[in-house]
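Please open the model in a viewer and keep the selection panel at hand.

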Amino acid sequence: MKITVFTLFPAMVEPFFLSSIMKRAVEKGIIEYRIVDFRDYAEGVHKKTDDIPYGGGAGMVLMPDPISKALEAEGASGKRVVFPTPSGRLLTEEYAYSLSQEKELFFICGHYEGLDQRVIDTYVTDEISIGDYVLSSGESAAVVIIDALFRLIPGVIASESLEDESFSDGLLEYPQYTRPYRYCTKSVPDVLLTGHHGHITQWRCDRRLEKTMLNRPDLLSDASLSIEERKRLLSILEQDKRTCQEWILSEL
Ligand code: SAM
């Protein structure tokens with residue numbers, strides 16, 4: 001996949017492509033990237049890229065000319081162009097998967113108050129929000145979106161690593177442990193040392209249900225749970241209720 005990032009602050013984006021799993025994907029030739037400073041396409045001695053908003057209001061807006069010249073020069077017209085913005089469609093694992101199927105993607109990093117709407121109307125195919133909060137810049141949001149999608153491209157990470165992950169089937173992931181067996185006063189759950197595959201799978205399934213119920217109950221209705229999983233969820237709820245009652249009674 002070829003990824004082109006348009007930014008006024010290349011130093012905010014470049015380290016991501018030079019580190020860890022992304023670095024290996026680039027070395028393997030799975031990812032090819034270009035970072036384009038669209039200030040290079042601005043006119044005049046000051047290379048101005050932003051101006052005050054029409055109609056008044058605080059802050060500055062990115063001007064249409066430098067970014068559209070950069071987009072045209074890089075051949076983005078008619079291709080899939082992402083603009084990270086808090087007013088976009090929310091990024092999900094499913095959305096990241098659809099982006100990971102593309103051969104080429106372009107990202108425009110907004111800054112200040114945002115980007116002139118005419119650039120969005122002309123070039124942008126996907127306005128994406130990474131969450132209901134406002135960041136100071138689109139660079140970190142673009143990196144989040146690229147991170148979520150590139151790891152789903154075959155060959156980037158082992159396919160087994162993706163199988164039980166959070167959101168792979170609508171549930172969150174089970175807790176993970178590594179050596180040492182005892183850390184401070186806490187031990188690894190004994191079931192994980194039994195070598196009994198069935199018991200370990202059952203324990204992990206229960207923990208996924210429990211964690212999803214506690215942290216993201218909104219996911220459960222879309223998770224298409226089997227009858228067996230629903231029964232497990234009920235018994236986990238009953239167990240949690242008993243533990244809670246015992247704790248309350250012990251405090252009385
Ligand atoms: N005035 C904009 C608004 O109220 O929607 C916010 C502009 S924000 C300060 C600057 C840039 O950060 C945006 O243009 C966008 O590229 C990026 N950004 C901020 N929050 C984001 C989010 N939750 N998801 C994606 N991009 C975001």
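Begin by selecting Tyr112, which is found in the loop between strand 6 (104-108) and helix 5 (117-123); helices (H or I, at least four residues) and strands (E, at least two) are DSSP runs, numbered from the N terminus. Although Tyr112 is not a glycine, its phi is positive, at about 55 degrees. Tyr112 is partly exposed, with a relative accessible area of 37%; buried means under 20% relative accessible area, exposed over 50%, and partly exposed in between (1.4 Å probe, protein chains only).

Before continuing, note that this is a predicted model, in which local features need pLDDT of at least 70 and side-chain atom pairs count only at pLDDT 80 or more, whereas totals for chains, interfaces and linings use all residues. Residues are numbered from 1 along each chain as its sequence is written, and side-chain values use heavy atoms, with hydrogens and water left out.

**The loop between helix 7 and strand 8**

Next select Phe167, which lies in the loop between helix 7 and strand 8. Phe167 is not a glycine, yet it has a positive phi of about 75 degrees. With a relative accessible area of 38%, Phe167 is partly exposed. Then move to Pro180, in the loop between helix 7 (159-163) and strand 8 (182-183). The peptide bond leading from Arg179 to Pro180 is cis, with omega near 5 degrees.

**The ligand and its shell**

Now select the ligand, which sits in the largest pocket. On a 1 Å grid over the protein atoms alone, a pocket is an open set of points with protein on both sides within 12 Å along at least five of seven lines, whereas in a cavity a 1.4 Å probe fits but cannot get out; lining residues have an atom within 4 Å of a point. A molecule sits in a pocket if more than half of its atoms lie within 2 Å of its grid points.

Display the distances from ligand nitrogen to backbone. A polar backbone atom of Tyr133 is 2.8 Å from a nitrogen atom of the ligand. For Ile130, the distance from a polar backbone atom to a ligand nitrogen is 3.1 Å, and for a backbone N or O atom of Thr85 it is 3.2 Å. Taken alone, the ligand exposes 580 Å², and the protein buries 83% of that (Shrake-Rupley method, 1.4 Å probe; for residues, only the protein chains shown count as cover).

Finally, select Thr7 in strand 1 (residues 2-7). Is Thr7 buried or exposed? At 0% relative accessibility, Thr7 counts as buried. Its side chain reaches the backbone nitrogen of Phe9 at 2.7 Å, and a polar contact of 2.5 Å joins the side chains of Thr7 and Glu139. A polar contact is a pair of N or O atoms within 3.5 Å; within protein, one must be able to donate a hydrogen and the other to accept it, and residues adjacent in sequence count only if both atoms are side-chain atoms.
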